[in-house]
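Hello,

Please have the viewer open while you read.

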Amino acid sequence: MRDETKCLHAGYTPKNTEPRVVPIVQSTTYVYDSTEEVASVFDEPTKSLIYSRFANPTVMAVEQKIAELEGGVGAMCTTSGQAASLLSVLNIAQAGDSIISLGEIYGGTVNLFAFTFKKLGIECIFVDKNASDEEISKAFKPNTKAVFGETIANPALSVLDIERFARLAHEHGVPLIVDNTFATPIFCKPIEFGADIVIHSTTKYMDGHAVQVGGVIVDSGNFDWTNGNFPELTEPDESYHGISYTETYGKAAYIIKARMQLMRDFGVYPAAHSAFLLNLGLETLHVRMKQYHENAMIVAKYLQNHEKIESITYPGLETDENYALAQKYLKGCSGVISFVIKGGKENAMRFMDSLKLASNEVHVADIRTCVLHPASETHRQLTEEQLAAAGINGGMVRFSVGLENVEDILEDIEQALQQA
Ligand SMILES: *Cc1c(COP(=O)(O)O)cnc(C)c1O
């Protein structure tokens, strides 16, 4: 199946007389005929369903669809994108380990990696995307377990050189984890360029309608966990009477361990109803992504020549510093544009407060146009230094172009710019 067909059909194939649409199985538990059978599922949790803290038929249909769209061997949904980032790393790193992350990533992920991971004993070393291979190699230590970056960084909108960072990670025997939230598998499949693990905040384009918060982790199945750096995957797991994930599950070792161990213990599994809503979004993902890109290109070109705009970042513009990387890795650049209004923070806020159609809200990648001021909102907790590393300026506005008629979006921008 091609992407458009997968969006509609992957993950669920009804049999004779079964419902056409993925059913909402809103049940926490599953019935068994005998105690012995229940006991056997505790020995072998992937055998059948026992409890909706770590598996549920509605959620599993969505997991299968996303795994197929990304080209992975398996996927696991989580209750948020944050939970996906958290578990994607905790599955392979523990106290005493370190990870390497690109500096230009989502503010929530910076908080998680720089502050909360520190409390858990995991060190995160941030690197600059423009640093040389030698400089980045210096950040690797014997305890490094992963490299992390975003396909299209939120909100810096830089494009990750996936092949380069996959090569650097692999040279040091660790996987590359890519947050593919803004690109979605419609515009980029990081696994095809060497990424080992792909994560998403499904809250954004995948859902698209702002009706559920969710995340997902996809396992490419390509990374060799038996290289000596990942005893947690190869050695017996005490909490599962001595199972070795690589021996028992082969290519799916990482994603099955994430479910059997971390989802069992942390319990951040989405409700069936949320997965149902996410699935509705996924069904039209390919149609929406193309239109977001088309609308955003028009808005970006309009702003590029505007006298009130100091600078604009959109990887689809030929003048953008990420244009070449975008051409290489992306089939489209999403609907998110960031620009700096002349006059700094005050003017940026006046512009935002003057918008009539675009909503001033803490969201991005919605079906409706929305706008946010990173410096004073999402990235508020970051220090000046971290703001600069994340590519954020006080006058910067993150504008998420929706699917309204683009002329209406332009008129709204124009009248608001006149107020600034
Ligand atoms: C929003 C976002 C997250 C966090 O996802 P939530 O669903 O809000 O927890 C992670 N990464 C990126 C790139 C995001 O845009």
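Strand β12 and its sheet

Val371 has Phe399 of β12 as its bridge partner. This is a predicted model, in which local features need pLDDT of at least 70, side-chain atom pairs count only at pLDDT 80 or more, and totals for chains, interfaces and linings use all residues. Residues are numbered from 1 along each chain as its sequence is written, and side-chain values use heavy atoms, with hydrogens and water left out.

Strands (E, at least two residues) are DSSP runs numbered from the N terminus. Two of them pair if DSSP finds at least two bridges between them. On that basis, β11 (residues 370-372) is antiparallel to β12, with 3 bridges between them. β12 also pairs with β9 (residues 336-341), again antiparallel, through 5 bridges; here Ser338 has Arg398 as its partner in β12.

The sheet is open and has 5 strands, in the order β8-β9-β12-β11-β10, with mixed pairing. β10 runs parallel to β11, joined by 2 bridges, and Ser359 is opposite Cys370 of β11.

Is β12 buried or exposed? Buried means under 20% relative accessible area, exposed over 50%, and partly exposed in between (1.4 Å probe, protein chains only). Of the 5 residues in β12 (residues 396-400), 5 are buried, so the strand is largely enclosed by the rest of the structure. Both faces are covered: Met396, Arg398 and Ser400 are buried on one side, and Val397 and Phe399 on the other.

Regards

Key: Helix = DSSP H or I, 4+ residues; strand = E, 2+ residues; numbered from the N terminus.
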